[in-house]
Amino acid sequence: MTPPLTIAAARAALDTGRICARDLLQQSIDRFATWESHVHAFVTPTLEAARHEADAVDVDMAAGRHRGPLHGIPIAIKDIIDAQGVRTTCHSWLRQAHVPSQDATVVARLKQGGAVLLGKLATHEFAFGGPSFDLPFPPARNPWDVSRFTGGSSSGAGAAVAAGVALGALGTDTGGSIRQPAALCGVAGLKPTYGLVSRAGVFPLAWSLDHVGPLAWTAEDCALILNVVAGHDRSDATSHAASVSDFTAQLGRNLRGLRLGVPRAWFLGSVTTEVADATEAALRRFAELGAQVVDVPVAPLADWHASLAIILLAEAFAVHAEDLRTHPSTYGARFRDRVMLGAFLSARDYLDAQRSRLVLTAGLNATLRDVDALVFPAAPGPATRLEANPKWGIVDSAFITGPGNLAGLPSLSVCAGYSAEGLPLGLQIMGRSFDDAGVLALGDAYERATDWRARRPRLALA
Amino acid sequence: MVDDEPLERNRFAQDAARLGLRIDDEDLAEIHAAYSKLMLLTRRVRGGLHADSEPLPQPRFEAGPR
């Protein structure tokens, strides 16, 4: 018995007794043994604790106690998210000794749901600025080609899920940090609607842009994770108070009659030919599934990015100001040099960026009243070589994932095929506020209508 | 044509020191170049706004329904 590799398949196997939680975990541990020394996805694996958790799941299930879709499922967590008793390093020398005394709300919910926690995953330092080689842990590497970048900053999450070590992971996304690694590692990753998933117990990068969300092999698996972690949390003041829906409810829906908008101004001429071709092929596939595909006007991506860069740098500097002043050399150079720029922004700069954000968001929401979702690339190309990732992207290039963070809209990346070199390409689906279920249903429909999910990375070493 | 880059970099380094930040000499040119690009972004944002017609940002920290 090997196959699970997805949460849905593992759930079915566990529920029908074809596998027990301990054996499912052993599959993850075996893959960890194969992959980890090559991809460096984990900074703190907790495999011994996971064995105890899996044994407890088997006792529960034998007694007929079922705790939901993640009961017995191996899940890993980005290392800016607190888990009681396990260090949260934020991949930084500054936080080597930080051991939280309580769980982040999302981790508490995973535990209540019976997930088996594999450990803490690599990130860029404080979720911004990598890949770096002057930190206490190496940067994660892409399982499709270990000389390549994973995308970031949920870099370990992308790598661990692509390698099949974790069946799901929790990441965070401030400017694309779930969707970019999802795209470059060929997995699904959802940045949920702002306020849907609690951020209590998660180290901030930029408060007004930060989101917590799932990465998994499929959109369906992301929906299963979201069903466990989403929902109001009094300890996060930005948490939305409304009750949450079943995020799997729309999976399998008929797409006939749906209108999908294509914001070509965001990617025309700025993505590789392979990404452009993959996007066009995906749009044709949606049309074949019955959706109406129409071009929509959008504000230039450069306008979005100007606001994003200013807000992100100003808020990140506010978080790190004291440490940057008192012991700057404890940070890695990439993080320090980038975040330091936030010190030079004025209150007027920040407020103008927030005002611009409101104008841009209002325009985007108006567009989304005319269409059900937007479909466009999740990354401009496949993964670059690890060393080739530019240091100053935050001021040099517009992130195609940025509008989702500024507008707080649900945005999903799914695999849209592969480059000639066999590297994954990403497709982004953005929906209306709190239509996370609809976005996931579109991603699921696309995945089922293509055979991209049949391909898995193989460990090939130079 | 006068090259005022060194002068601007020097002023930038003084600003950094005033803000309590330390920038090593060998990093100054690179960080100043990134700063210059960030300032262009602030001008891009400002150029797209009209002082009286756009709303001020609203706080987003209420836990109630929107």
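A word first on conventions: the model is predicted, so local features are taken at pLDDT of at least 70 and side-chain atom pairs only at pLDDT 80 or more, whereas totals for chains, interfaces and linings use all residues. Residues are numbered from 1 along each chain as its sequence is written, and chains are lettered from A, with ligands numbered from 1, in the order in which they are written.

Let me begin with the sheet, where helices (H or I, at least four residues) and strands (E, at least two) are DSSP runs numbered from the N terminus, and two strands pair if DSSP finds at least two bridges between them. In chain A, eleven strands form an open, mixed sheet in the order β1-β3-β2-β4-β6-β5-β10-β11-β9-β7-β8. Its edge strands are β1 (42-45) and β8 of chain A, each of which pairs on one side only.

Now to strand β10 (residues 411-418) of chain A, which is largely enclosed by the rest of the structure because seven of its eight residues are buried, buried meaning that 20 or more other C-beta atoms, placed from the backbone, lie within 10 Å of a residue's own, while exposed means 12 or fewer and partly exposed lies in between. Strand β5 (residues 188-191) of chain A pairs with β10(A) in the antiparallel sense over three bridges, with G189(A) opposite S413(A). To strand β11 (residues 424-431) of chain A, also antiparallel, β10(A) is joined by six bridges, and here C415(A) stands opposite G426(A). These two strands, β10(A) and β11(A), form a hairpin with five residues between them, and G422(A) in the turn has a positive phi of about 85°.

What are the buried residues of helix α8 of chain A? They are V275(A), A278(A), T279(A), A282(A) and F286(A), and they cover an arc of only 100° around the axis (taken from the directions from the helix axis to the C-beta atoms), which puts them on the same side of α8(A). The face turned away from that buried side carries the exposed residues T273(A), E280(A), R284(A) and E288(A).

Finally, the two chains: 27 residues of chain B are in contact with 34 residues of chain A, contact meaning C-beta atoms, placed from the backbone, within 7 Å. Helix α2 (residues 25-47) of chain B gives the most to the side of chain B that touches chain A, with eleven residues.
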